[in-house]
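Open the model in your viewer and keep the sequence panel beside it. The stops below tell you what to select and what to look for at each one.

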Amino acid sequence: FGSASFLAENNELSNAGARKDLAALGYIFYEIVSGKSPLRGRVNQTVTITTDCATDMELEPKSTREEEHDGGEMYISAVEVYSALLNKLPFVFVKIVMALIESKMTVERYHSVTEVYLLLDKMMSNPRNFLSDKRKDLYYGQLRFTSYKLYDRDDQLSIITDAYSQMTSEESSKMILVSGYSGTGKSALIKHARPILKTRNAHIIYGKFDQLQQAEPFFAIIDAFNGYFDKVKKGGPEYIQRIKTAIFEAIGSEVGVLTKIFPRLCQVIGSPVADPVQVDSQQAQNRLKYLFRMMIGAIASPSSPLVLLLDDLQWAA
């Protein structure tokens, strides 16, 4: 099976000689599974494995092969290994092949064939734990970037954090609009700004407008503040009482206007005793704006600002 000619012809008893043989073993594993030669420039050549272990692949002359292959260099890249093996092997075995054939990038290496044998034997003795790895689906056929890293957005991130610092120092409100085409990383930028702002005592609430919710006015804002009141409820009796007192001192008996808009506010202040006074539509709109601003002033402070993040504004009613 495979091409034993990948084995380095040397009599070295050093670690370097063992390393060459281990790398060759990795190449052979790759060829057995993928049916392709790992030699650079001949990756697309198919190998036919017959019953007598012969192949129809014409190997390169010995002198050329030895110049290119020292048992430590890779003839194939990590991307080629993953794309060729992940749809045929468990992810954990693909990592073993990579550790064998990769010379410079792999941190953990095997020091002998015995290590490889013992690991394979352990895998086969408990295949359910070692060979059932759903992470394979995350890698197969995909170009992978780390989801937690933000690329080339330091300037935009600084604008957001600087605006927050200016807001807290001036005790004023700020609004930032992040615009751009779909898929350009607007949400990712805000996602990376959130932990930075949290370290600066910001209370961050998030709402997302939805195309299917356009019939409900202020859907994302209502959802964001309902989420905030859920957090307050989990903050413990002392925190709940502090927020409740601040809201009642700012709004008083008119708090029932807000509980109709933000139902989960009742989890913090309880059900209002009296219903709001009925007024005409224009007065009701002005009253709601005023009471909403009073509520924001009650729950936010310079030492603990409130940051409202609204996503997908294009769907706002």
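Select Asp 311 and Tyr 206: their side chains make a polar contact at 2.9 Å. A polar contact here is a pair of N or O atoms within 3.5 Å; within protein, one must be able to donate a hydrogen and the other to accept it, and residues adjacent in sequence count only if both atoms are side-chain atoms. This is a predicted model, in which local features need pLDDT of at least 70 and side-chain atom pairs count only at pLDDT 80 or more, while totals for chains, interfaces and linings use all residues. Residues are numbered from 1 along each chain as its sequence is written, and side-chain values use heavy atoms, with hydrogens and water left out.

Stay on Asp 311, which is part of strand β2 (residues 306-311). Helices (H or I, at least four residues) and strands (E, at least two) are DSSP runs, numbered from the N terminus. Is Asp 311 buried or exposed? Its relative accessible area is 14%, so Asp 311 is buried; the cut-offs are under 20% for buried, over 50% for exposed, and partly exposed in between (1.4 Å probe, protein chains only). Now show what Asp 311 touches: leaving out residues up to four places away in sequence, these are Ser 187, Tyr 206, Gly 207, Lys 208 and Phe 209. Contact means heavy atoms within 4.5 Å.

Zoom out to the whole chain. The secondary structure comes to 14 helices and two strands. Of the 317 residues, 33% count as buried. Among contacts between residues at least 6 apart in sequence, 62% join residues at least 24 apart.

Next, the aromatic rings. Rings of Phe, Tyr and Trp (its six-membered ring) pair if their centres lie within 6.5 Å; planes under 30 degrees apart count as stacked, over 60 as edge-to-face and the rest as tilted. By this rule there are six aromatic pairs. Select Phe 29 and Phe 93: this pair is tilted, with 5.8 Å from centre to centre and 55° between the planes. The pair links distant parts of the chain, since Phe 29 is in helix α1 (residues 15-34) and Phe 93 in helix α4 (residues 91-101), 64 residues apart. Both Phe 29 and Phe 93 are buried.

Then select Phe 225 and Phe 292. Their ring centres are 5.4 Å apart and the planes stand at 75°, so this pair is edge-to-face. Here too distant parts of the chain are linked: Phe 225 is in helix α10 (residues 219-233) and Phe 292 in helix α14 (residues 281-299), 67 residues apart. Phe 225 counts as buried at 1% relative accessibility, whereas Phe 292, at 24%, counts as partly exposed.

Go back to α4 and colour it by accessibility. The helix is mostly covered, with 10 of its 11 residues buried. Among the buried residues of α4 are Phe 91, Val 92, Phe 93 and Val 94.

For a helix packing, select α11 (residues 237-251) and α14. Their axes come within 9 Å and cross at roughly 140°. Axes are lines fitted to C-alpha atoms, for helices over the stretch in contact, and angles run from 0 to 180 degrees between N-to-C directions. Which residues make the contact? On α11 they are Ile 243, Ala 246, Ile 247, Ala 250 and Ile 251, and on α14 Leu 291, Met 294, Met 295, Ala 298 and Ile 299. These residues divide into 10 nonpolar, no polar and no charged. Ala, Val, Leu, Ile, Met, Phe, Trp, Tyr, Cys and Pro count as nonpolar, Asp, Glu, Lys and Arg as charged, and the others, Gly among them, as polar.

Two backbone angles come next. Most residues other than glycine have a negative phi. Select Asn 201, in the loop between α9 (186-198) and β1 (203-208); its phi is positive, near 70°. Phe 218, in the loop between β1 and α10, also has a positive phi, near 55°. With a relative accessible area of 54%, Phe 218 is exposed.

Last, select Gln 213, which is in the loop between β1 and α10. Gln 213 and Trp 315 are 102 residues apart in sequence and 8.3 Å apart in space, C-alpha to C-alpha.
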